[in-house]
Amino acid sequence: MMQIKPILAALKRHKAGTILIALQIALTLAIVCNALFIIQQRVDRLSRPTGMIETDLMAIQNRWVGIDDEATAPLVKADIQILRSLPGVEDAVSTNSFPLRGGGWSMGVRLNPTAKKPITQTTLYFVDDHALPTMGAKLIAGRNFRADEVVTIDPKVFESSPVVIITKALADKVFPDGSALGKQIYITEGAPSSTVIGIVERLQVPWNGNFANKFEGNSTLLPIQLSGNFSAYLIRSKPGQLASVLKAAPAALFKANRMRVIPSERGVRTYADVREQAYKSDRGMAILMGIICVVLLAITAAGIVGLTSFWVGQRRKQIGVRRALGATKHDILSYFLTENLLIGIGGVVVGAMLAVGMNLWLMQQFEMARLSPVYVIAGVIVLLLLGQGAVLAPAMRAARVSPVEATRSV
Amino acid sequence: MFGYYLDLALRSLRRNKMLTALMVLAIALGIGACMTTFTVLHVLSGDPLPDKSARLFYPQVDPLDMDGYEAGKEPERQVTWIDGMNLLKAKRGERQALMTGGAVPVQPTQSSMDPFFSDARYTTADFFPMFETPFLYGHGWSEAEDDGKARVAVISRSLNDKLFDGKDSTNQILRMKDTAFRVIGVLDNWRPNPHFYDLNMGQYSVAEDVFLPLATSRDLNLARNGSRNCWGKGGGNDDEHLEVATCVWLQFWVQLQSADKAADYRTFLDNYSKEQKALGRFERPSNVRLSNLMEWLDVNKVVPSDVRLQSWLALGFLMVCLVNTVGLMLAKFLRRSGELGVRRALGASRREVFMQLLVEAGVIGLAGGVGGVLLAYLGLWLVRLQPADYASLAHLDLPMLLITFVLAITASLLSGLLPAWRACQITPALQLKSQ
């Protein structure tokens, strides 16, 4: 530590190089902190559970061709019977949408049917009594639908359902005291109320965009089968038999009725595919940020090695003199390490401020969250260690300079 | 002299291969990252109709009730059937078209082909001349066919290839939703980017395969796709009665020849809103907008925020790479103080030494630029593997290629300035003495 003064004096003679290294450390810190933060946000998002058991689950999207919208209900019923009786199928359900599908139906939830503003938003899943076992959603209170509660309705005249099952997230939002079970809610302004007969632990909405963040866990299940041109089937296979069901299910559907289109793209998917496609851009962004971090750190390290090597080369004579005057190898080594630490500290102080500033700007421009100080601290430690690591090789070379150098060519 | 400097530069670069490689690599990485993201940004913020975009306008009126009214808030981004039809029939622009997206079940006559759904656009006659769609065969329809709810269709080249093996299919019959349509036109390849006329359908999606008169689509109650916002009594679940529903679900475009005409049109919109308010249809005070095509893309923030974020990050990345290069060059040039001292003592002026060092910096920049272009090609290839609907558009064009080189060389010359200036400050006498 007593070396600090001479180090500072020496650095004053290398202002440009010192400032450049510090600046590079500062910029790297600012970018790496924010990049790591973005990675964490994206990873958080794509690791959100849907509330379903996602193994052994698959989805089919079906559209009818040449059949009146009103006449599709019996066809869907027949499809579901076929799917449920297929060997290897545990259960199946017809629904308008499912978590991460991308498109769905959303409504405002009210406690007062004439309130102008709803309390919150919810997505509606139009299903039957097989939805919970097929999805693997966990019922934590109340009961499932009964088969006799399931009705078919034309979406044009849909208003509400006498009974609904809602998610815990929605229940807590509408009834913060936890008394949702058995209560009445209104899902359409001015329409009859619905009784909450069951609460499931979690079920995500179909959307994963930022706009849905506010209500991503607010789902309502209704014992209603919608007639119409479009339907989606969720199918749970017996354990380990997903691959065979994936082939058998669409084949069986086409065998029963050819008046349909199952798109070649996204028509038949395992749920793992659904999840991967829904979060592909988030994952891509996280990977890109990761690559940028690694490359930036590597470049900064290489820059430090390069500049320190040059300084060592330049100061061989001085090092020789110091060695001749009694400095140990360890003294020389710690001289360069301390020098780097000082520059590094200067860099990270500026860098931490830059990181926070950059985050504030990103918050304004890109709806980002506030950077947690943990990232700045982690970044500071990483960069200081990186600097010490990078300087080690040139510093050891410096320590090997023999005292004899002092006597050469003077 | 330049040749001599070049020779000196190459010798010096060869002397310390690791350092040279590091500098070139840093510049190449920075340039490569920047050019990849900038190319994507450039492609995505391009003008879909460069010759015409200044004359195409998207009017907005405010048909909502007083619920949640805030003065000066942006009005709805689509129009109701009634307003759309009123504006269309008023014919205040040179051309105007009303439209919405949809999907139609196509039933091929060939037994070998299963029915399939095609994206469709339900629109009015002026769509084709206004957006200057290229026709391979035939032509669009006229107002008479709009009014007569004619069963006519214009199809895309790819659908024509699929159904009619690419032959001239005009006057052929195309069955959709159990109805026979007569093909009257086949579009040549047409993919405006972004998909500006309806940004709800995926901002960079391909143009639709089937174009039908809007009135026909309503007559047959064909399925529609896109955004729909309802208020008040709404009636939004019922696709059959959208004509009377208090919902906005249509896009309206108008072509206006000059700025004067645009000002006139704005006045017309304002008067229209006031008139509708007087009639009791509108409740809010007149609040109209008229954006031209590029302004409309801005309003809709078409360029994905991830792409803009990546561009800024790449720029930051390039800055770190440049600072790194400045540092390394500084080290390198100062290390050669002895050699430079000798040159100065032998009569080279400060200017000449400075030039010599700048040539060396330029050579590094050129090498970095070449590396950067290669990396940009690699980067864009990776971008094209992404699932985003704009991915296939990411290609390096000639202007971007030139910009890449200019950027690389400017960047490295700039980063060479400080080190070269520092190095030529050396007093020759001092250097010679210490040798």
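The legends below describe close-up views of a predicted two-chain model.

**View 1. Domain division of chains A and B.**
Chain A is divided into domain 1, formed by residues 4–46 together with 281–407, and domain 2, formed by residues 67–258. Taken over C-alpha atoms, the centres of these two domains of chain A are separated by 54 Å. In chain B, domain 1 comprises residues 2–45 and 304–434, while domain 2 spans 53–299. The corresponding distance between the centres of domain 1 and domain 2 of chain B, over C-alpha atoms, is 50 Å.

An unreviewed UniProt entry assigns "domain: MacB-like periplasmic core" to residues 43–240 of chain A. Residues 20–39 of chain A are 100% helix and 0% strand, with 28 Å between the end C-alpha atoms. Residues 285–312 of chain A are likewise 100% helix and 0% strand, and their end C-alpha atoms are 40 Å apart.

**View 2. The largest nonpolar core, with residues from both chains.**
This core contains 109 residues, and those with the most contacts inside it are Leu29(A), Ala35(A), Ile27(B) and Phe317(B). From chain A, the elements giving two or more residues to the core are α2 (15–46), α8 (280–314), α10 (329–366) and α11 (373–399). From chain B, they are α2 (17–44), α10 (305–335), α12 (350–384) and α13 (398–423). The largest share, 17 residues, is supplied by α2(A).

Leaving aside residues up to four places away in sequence, Ile27(B) touches Cys321(B), Thr325(B), Ile364(B), Gly365(B), Gly368(B), Gly372(B), Ala408(B), Ala411(B) and Ser412(B).

**View 3. The interface between chains A and B.**
Here 37 residues of chain A are in contact with 37 residues of chain B. On the side of chain A that touches chain B, the elements giving two or more residues are α2 and α8 of chain A. Helix α8(A) gives the most to this side, with 16 residues. By residue class, the side of chain A that touches chain B divides into 21 nonpolar, 12 polar and 4 charged residues.

**View 4. Strand pairing around β3 of chain B.**
Strand β3 (residues 116–123) of chain B pairs with β2 (residues 95–106) of chain B in the antiparallel sense, over 7 bridges. Within this pairing, Gly102(B) has Ala120(B) of β3(B) as its bridge partner. Strand β3(B) is also joined by 4 bridges to β8 (residues 210–213) of chain B, and these two strands run parallel. In β8(B), Pro213(B) is the bridge partner of Thr123(B).

**View 5. Backbone features in loops of chain B.**
A cis peptide bond, with omega near -5 degrees, leads from Asn193(B) to Pro194(B). Pro194(B) is placed in the loop between β7 (179–187) and β8 of chain B. Asp178(B), although not a glycine, has a positive phi of about 60 degrees. Asp178(B) lies in the loop between β6 (173–176) and β7 of chain B. Asp178(B) is exposed because 12 other C-beta atoms lie within 10 Å, and a residue with 12 or fewer is classed as exposed.

**View 6. Arg266 of chain A.**
Arg266(A) is found in the loop between β13 (260–261) and β14 (268–270) of chain A. Phi of Arg266(A) is near 65 degrees, a positive value in a residue other than glycine. With 14 C-beta neighbours inside 10 Å, Arg266(A) therefore counts as partly exposed.

**View 7. Ala429 of chain B.**
Helix α14 (residues 428–434) of chain B contains Ala429(B). Ala429(B) has 11 C-beta neighbours inside 10 Å and so counts as exposed. The C-alpha atom of Ala429(B) is separated by 7.3 Å from that of Gly341(B), and the two residues are 88 residues apart along the chain.

Note on methods. Residues numbered from 1 in each chain as written. Chains lettered and ligands numbered in written order. Predicted model: local features only at pLDDT ≥ 70, side-chain atom pairs only at ≥ 80, totals over all residues. UniProt positions renumbered as here; feature names shortened; annotations may be inferred. Core = buried A, V, L, I, M, F, W, Y, C linked by C-beta atoms within 7 Å. Buried ≥ 20, exposed ≤ 12 C-beta atoms within 10 Å, placed from the backbone. Contact = placed C-beta atoms within 7 Å. Nonpolar A, V, L, I, M, F, W, Y, C, P; charged D, E, K, R; others polar. Domains from an automatic or database assignment. Pairing = 2+ DSSP bridges.
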